[in-house]
Amino acid sequence: MTDQPTASRLRRYAPRIVLAFGVTVAVAIGAVFAATPLLRIPGPTTLVHLLSDPPSTQGGLFESRTVPAAPTPRRFPAAPAPLPDTVPWKGSRVPAAEFLAATGTNSFLVVRDGKLTTEWYRAGVGPTTKQSSWSVAKSVVPC
């Protein structure tokens, strides 16, 4: 048996409940969009892309600038050495190829004592492919 007054009350308040829920969600979304510049973090759309896009494509999500090449660029002298069989990662050693695949690495270069010892590129990527450098740029210091 249905309690008639309760069902009637639910029908009467349901539109208000749905409206209140919709307004609450809209205010919360608006607050997120308004708060991100104040917190100095990327906006919600960018955050979604950061979580879902491969790292190699995320450079376009941020402001960037092209740093011009030196007027007389200098190549690193080569001292070829193979990639190590394994590398430390997440508390254990894994095959280097597995690490490069799992991290979505597009290019991997090792400069040791001023000499380029290792140069590896994923298929379709090469030495002239433009890529985001992320924190690598902070790690390269001219001598």
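Is Trp 89 buried, partly exposed or exposed? Trp 89 counts as partly exposed, because its relative accessibility is 23%; buried means under 20% relative accessible area, exposed over 50%, and partly exposed in between, with a 1.4 Å probe and protein chains only. Keep in mind that this is a predicted model, where local features need pLDDT of at least 70, side-chain atom pairs count only at pLDDT 80 or more, and totals for chains, interfaces and linings use all residues. Residues are numbered from 1 along each chain as its sequence is written, and side-chain values use heavy atoms, with hydrogens and water left out.

View 1. Start with the overall layout: the chain has 4 helices and 4 strands, in the order α-α-β-β-α-β-β-α. Helices (H or I, at least four residues) and strands (E, at least two) are DSSP runs, numbered from the N terminus. Of the 143 residues, 13% are buried. The accessible surface comes to about 11900 Å², with 64% of it belonging to carbon and sulfur atoms; such areas come from the Shrake-Rupley method with a 1.4 Å probe, and for residues only the protein chains shown count as cover.

View 2. Phe 21, Val 25, Ile 29 and Phe 33 make a nonpolar surface patch of about 400 Å². Patches take residues with over 30% relative accessible area and no salt bridge, joining like charges within 9 Å and nonpolar side chains (Val, Leu, Ile, Met, Phe, Trp, Tyr) within 5 Å. A salt bridge here is a side-chain nitrogen of Lys or Arg within 4 Å of a carboxyl oxygen of Asp or Glu. Look for Val 25 in helix α1, residues 4-39; Val 25 is partly exposed, as its relative accessible area is 34%.

**View 3. The largest nonpolar core.** Five residues build this one: Val 87, Val 94, Ala 96, Phe 99 and Leu 100. A nonpolar core is a set of buried Ala, Val, Leu, Ile, Met, Phe, Trp, Tyr and Cys residues joined through side-chain atoms within 4.5 Å. Helix α3 (residues 96-102) gives the most to this core, with 3 residues. Beyond its neighbours within four places in sequence, Leu 100 is in contact with Leu 83, Thr 105, Phe 108, Trp 120 and Arg 122, where contact means heavy atoms within 4.5 Å.

**View 4. An aromatic pair.** The structure holds 1 aromatic pair. The ring centres of Trp 89 and Phe 99 sit 5.5 Å apart with planes at 80°, so this pair is edge-to-face. Rings of Phe, Tyr and Trp (its six-membered ring) pair if their centres lie within 6.5 Å; planes under 30 degrees apart count as stacked, over 60 as edge-to-face and the rest as tilted. Trp 89 belongs to strand β1 (residues 86-89) and Phe 99 to helix α3, 10 residues apart.

**View 5. Thr 117 and its contacts.** Thr 117 is in strand β4 and counts as buried, because its relative accessibility is 14%. Not counting residues up to four places away in sequence, Thr 117 touches Ala 79, Pro 80, Ala 81, Val 110 and Arg 112.

**View 6. Two loop residues with positive phi.** Most residues other than glycine have a negative phi. Lys 90, though not a glycine, has a positive phi of about 50°, and lies in the loop between β1 and β2 (92-95). Asp 113 has a positive phi near 55°, and its place is in the loop between β3 (107-112) and β4.
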